[in-house]
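Subject: Structure handover

Hello,

I am passing on the structure we spoke about. Please look it over first; my notes on what was found in it follow below.

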Amino acid sequence: MSNDPSELVGRPVIIGGGAAGLMTALALAPEPVVLLSKSPLGAEASSMWAQGGLAAAVGDDDEPALHLDDTIAAGAGLCDEAAARRIVSAAPAAVERLARLGVAFDRHADGRWRLGLEAAHSRNRIVHATGDGTGREIMRALIAAVRRCPSVTLLEGVEARRLIVADNAIQGVVAMRGDEPLVLATTRAVIATGGIGGLFLDSTNPSGCFGQGLALAARAGAVLSDLEFVQFHPTAFDGPSRPLPLLTEAIRGDGAVLIDETGTRFMADEPGAELAPRDVVARAVWRRRAQGHRVFLDARERPGEDFAARYPVISAFCRMAGIDPAIDLIPVRPAVHYHMGGIAVDAMGRSSVEGLWACGEASRTGLHGANRLASNSLMEAIVCAQWVAGSIAGTAHRAGRAYEPTAIPPASDPSAVRPLLSEALGVLRERGGIAAAIRCLLPLAQAAGAAADPALVGLMMSVAAHAREESRGAHCRSDCPDTLPVAQPSSLTLSSAIAAAKEIAETDRPSFRSVVS
């Protein structure tokens, strides 16, 4: 396998080494592909950190129609029902596909899946591996498969900086390998580098996940959708470590409850209690803390003494903090966990730019709506990778243009953006705070510095949040607490976002219609 760009001309280029990118590369075999990963495989992929597992209707008492009902209910009116039905119907086969690739999912002694329960699911349908290490186990198997796949040219330590576009069609990828610029001539590219948690101070995502895939697509002219919807996980470990360690929802599925320092179980009277949709639980935890209380996950009775065996990864970091979950309370707080919005794609993962696909968290398929149902994300990445690969395989390579980059943007640094988005796009939002962030982000996004790409993504998210004058799912406006009777997805391009941001910066009275369709 050659690493000489001149010998890779015309091959599909997959940007991102998480589950979505790896699965797309494997599904394209034996077609030769190039896979870019800015760090060693798995090092900065959100997939590696996933604890919960994959949601799939594989239980005897379950079926895809029930999974669909739960997905749509959690999505707060913004799911694309046809897309969601197609994706959840393919989930059981995706689990079997991963098992064939060597993923050691947890099973009962008789071989049946050991299924967990998570928030807003009506059935036990979460397929786990090694308890709370599902993402790590899936990534282990996929990385091993990619490394032995002869059709995949793996370029680790290579970061995509720009997409080359002419006449709304992909012509190549500009990347950096250390200090060396690379131009990969291709008319087929996949953005599979998702996650925006690195744009916030408190997140469960790797710090390198700061929306670079969204910036690449936006600067290429692609349409992005539902960027305002950021999911906060209600039970991140409340400590000094960054990223914040996650306490999977499965612990609450096993019976753990949320209490404050007085012992009050403040979710007890809410519909669904601790297993209400994530946005509901996150707001309840946030409000309790805002009232001056500390919040804890109480797992002392359930799962109790079984905690360490059920959740070895979580048990290990709790021990490092001096906590034994079987006898101690675990301090928790909400933290940015997942982005429901992303690059708008069709049923085959195609964006509005010819030759550009998106997969995984970077894409907006319509599955998640305004609030992702727990454990639907890994499932979506695995399922949709198959369809993206099929679409790419059926798209002939077009003759591209020769291109030599004149100016390559610097490596991104999101540090200037984090305090702005953390203040403006938190669990609760309001118009004035969002507008203030837009005024600060606009000059950063229009400059050529290291903050430009992170600021651009933050700006587009803020413009969408400013325009959505309602509360729906994970987007909660304290100044607009009601939910509108008709749900509309938002839609943005780079040019429309910049225009709206300028209007907001000058008047703080933008036209909703100018950015939402």
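**A helix pair and a pocket**

Helix α13, residues 431-446, packs with helix α15, residues 494-507, at an angle of about 130°, and their axes are 9 Å apart. The crossing in which α13 passes α15 is left-handed. Keep in mind that this is a predicted model.

Which residues make the contact between α13 and α15? From α13 come A435, I438, R439, L442 and Q446, and they meet I498, A501, K502, I504 and A505 of α15. By type, the residues of this contact of α13 with α15 are 7 nonpolar, 1 polar and 2 charged.

The other item is the second largest pocket, which holds about 390 Å³ of space. Its lining consists of 16 residues, and those nearest the centre of the pocket are D202, W286, S422, G426 and V427.

Which elements each supply at least two residues of that lining? They are α8 (278-290), β15 (330-339) and α12 (418-424). The most comes from β15, which gives 4 residues to the lining of the second largest pocket. Sorted by type, the residues lining this pocket are 10 nonpolar, 2 polar and 4 charged.

When you open the model, you could start with the contact between α13 and α15 and then turn to the pocket lining around D202 and W286, two of the residues nearest its centre.

Best regards

Conventions
Residues are numbered from 1 along each chain as its sequence is written. This is a predicted model: local features need pLDDT of at least 70, side-chain atom pairs count only at pLDDT 80 or more; totals for chains, interfaces and linings use all residues. Side-chain values use heavy atoms; hydrogens and water are left out. On a 1 Å grid over the protein atoms alone, a cavity is a set of points where a 1.4 Å probe fits but cannot get out, and a pocket is an open set with protein on both sides within 12 Å along at least five of seven lines; lining residues have an atom within 4 Å of a point. Grid points are joined across faces, edges and corners, and a volume is the space filled by probe spheres set on the points. Ala, Val, Leu, Ile, Met, Phe, Trp, Tyr, Cys and Pro count as nonpolar, Asp, Glu, Lys and Arg as charged, and the others, Gly among them, as polar. Axes are lines fitted to C-alpha atoms, for helices over the stretch in contact, and angles run from 0 to 180 degrees between N-to-C directions. A crossing is left-handed if the near helix is turned anticlockwise from the far one by less than a right angle, and right-handed if clockwise. Contact means heavy atoms within 4.5 Å.
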